Amino acid sequence: MDSCDVLIVGGGPAGSSCAWGLRSSGLRVVVLDKARFPRNKVCGGWITPFVIKALEIDGEDYARGRTFQPITGFRISAIGQAEVNVPYSEPISYGIRRCEFDEYLLRRSGAHVCEGTAISKIERNGDGWIVNGKIKTRLLIGAGGHFCPVARFLGNNQEEEPVVAQETEFEMDEQQAGSCAIEEEVPELYFCRDLLGYGWCFRKGNFLNIGLGRLDQHGLPEHVSDFVRFLRAKRKIAFDLPQRMSGHAYLLYGRSPRKVVDDSLLLIGDSAGLAFLQSGEGIRPAVESGLMAAQVIKSANGGYTRDRLQAYGELLSKEYGKGKRRTSASRLPRKLRNAAGRMLLTTQWFCRRMVVESWFLRKSN
Ligand SMILES: Cc1cc2nc3c(=O)[nH]c(=O)nc-3n(C[C@H](O)[C@H](O)[C@H](O)COP(=O)(O)OP(=O)(O)OC[C@H]3O[C@@H](n4cnc5c(N)ncnc54)[C@H](O)[C@@H]3O)c2cc1C
């Protein structure tokens, strides 16, 4: 039987960041993923500077042979309204392709990686675990995304309210690139008129990523089709999308809390339901939670009781528990609130200070 100290299920940004955080701990760390890398992940591929800094990524080195698109502003509107341009003098975010980014993080994590292996069975074994009947581990980390089997094993995934989203990413040919009105450094965000979600158009060199996510789980395909028709009518794109959209779901922190800690077990990233409420950003909390988990594991000195690991749950609440208070605006009738919201989305102040800096870049947190 193979054995390790820490078995991480899932080699996305959460799992690879946790493994990277443990790289000099002396612990034997294994990352197991059902996919073989490079693998794609349904995602817009927008990352904030926090991710680059926390993972000590050398942007120049990363950009060699990979897409690394600086973003120096956003163009923001509610669908059908005037657009507001919010420029900055330096990069405030970056665009990556998940097939490249996730593989890069996983390969440099320092862990032993088992690809093409799905987790199928989890059994308690004293104060540790036996996984798939053949890998013994002291500590099990669930990093398998929204449908993570370790999260399900803990009793999560019931009556939750996930964000549902669809996107497509493709390389434009010369003609498509020439007729695409989206600027590389300025992704465009289009809020749904009921403010329950937003669509995006994001150009990374010759790659174009278009998608839409909503809090409301009904009628997503119709919202997406309307959005694509709108983009064509506005001449943002002058061609039919060459491939169908792919969809996925994930949880926003605070909306459907999951149990994330148990004896010898932790959940990180989407498996723990940590994406940010207003922007839907999930890569940063995946990375951050992976690093927090690594920090707590190192300080636990081999004692992985729930009480000791609870320090991880406390770190999460401390970092993400802020900003959940109800504002007086949330007590207004929905119609009035939406009309006020759409009006604010036509102002430079609101788009810059609230949408970009507070919601997307979390500058006030
Ligand atoms: C349409 C859409 C657009 C998005 N756009 C953005 C964006 O632009 N920026 C942003 O920050 N966030 C975005 N997100 C959210 C972001 O994609 C996720 O929050 C992020 O990928 C979470 O990382 P993770 O490592 O927790 O999980 P994942 O990236 O989902 O990785 C989980 C890994 O676990 C593996 N796995 C799953 N089940 C098993 C199993 N049974 N056995 C073994 N391995 C398994 C999978 O193969 C996968 O590699 C978007 C989400 C969607 C749906």
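Which residue in β6 does Phe 74 stand opposite? In this predicted model, the residue opposite Phe 74 is Val 86 of β6.

- Seven strands form an open sheet with mixed pairing, in the order β6-β5-β13-β14-β15-β12-β16.
- The edges are taken by β6 (84–87) and β16 (246–250); each has a single partner strand, so one side of each lacks a neighbour in the sheet.
- On average, neighbouring strands of this sheet are turned by 20° against each other, with direction ignored.
- Strand β5, residues 73–78, runs antiparallel to β6 and is joined to β6 by 4 bridges.

**The helix on the sheet**
- Helix α7, residues 220–233, packs on the sheet and touches β12 (163–171), β13 (188–191), β14 (197–204) and β15 (207–214).
- The direction of α7 makes about 135° with that of β15.

**The helix pair α8 and α9**
- Two packed helices are described by the angle between their axes and the distance between the axes.
- For helix α8 (residues 283–299) and helix α9 (residues 306–320), the angle is about 145° and the axes lie 9 Å apart.
- The crossing of α8 past α9 is right-handed.
- On the α8 side, the contact is made by Pro 285, Glu 288, Ser 289, Met 292, Ala 293, Gln 295 and Val 296.
- On the α9 side, Arg 308, Leu 309, Ala 311, Tyr 312, Leu 315, Leu 316, Glu 319 and Tyr 320 take part.
- By class, the contact of α8 with α9 comprises 10 nonpolar, 2 polar and 3 charged residues.

Definitions and conventions. Residues are numbered from 1 along each chain as its sequence is written. This is a predicted model: local features need pLDDT of at least 70, side-chain atom pairs count only at pLDDT 80 or more; totals for chains, interfaces and linings use all residues. Side-chain values use heavy atoms; hydrogens and water are left out. Two strands pair if DSSP finds at least two bridges between them. Helices (H or I, at least four residues) and strands (E, at least two) are DSSP runs, numbered from the N terminus. Axes are lines fitted to C-alpha atoms, for helices over the stretch in contact, and angles run from 0 to 180 degrees between N-to-C directions. Contact means heavy atoms within 4.5 Å. A crossing is left-handed if the near helix is turned anticlockwise from the far one by less than a right angle, and right-handed if clockwise. Ala, Val, Leu, Ile, Met, Phe, Trp, Tyr, Cys and Pro count as nonpolar, Asp, Glu, Lys and Arg as charged, and the others, Gly among them, as polar.
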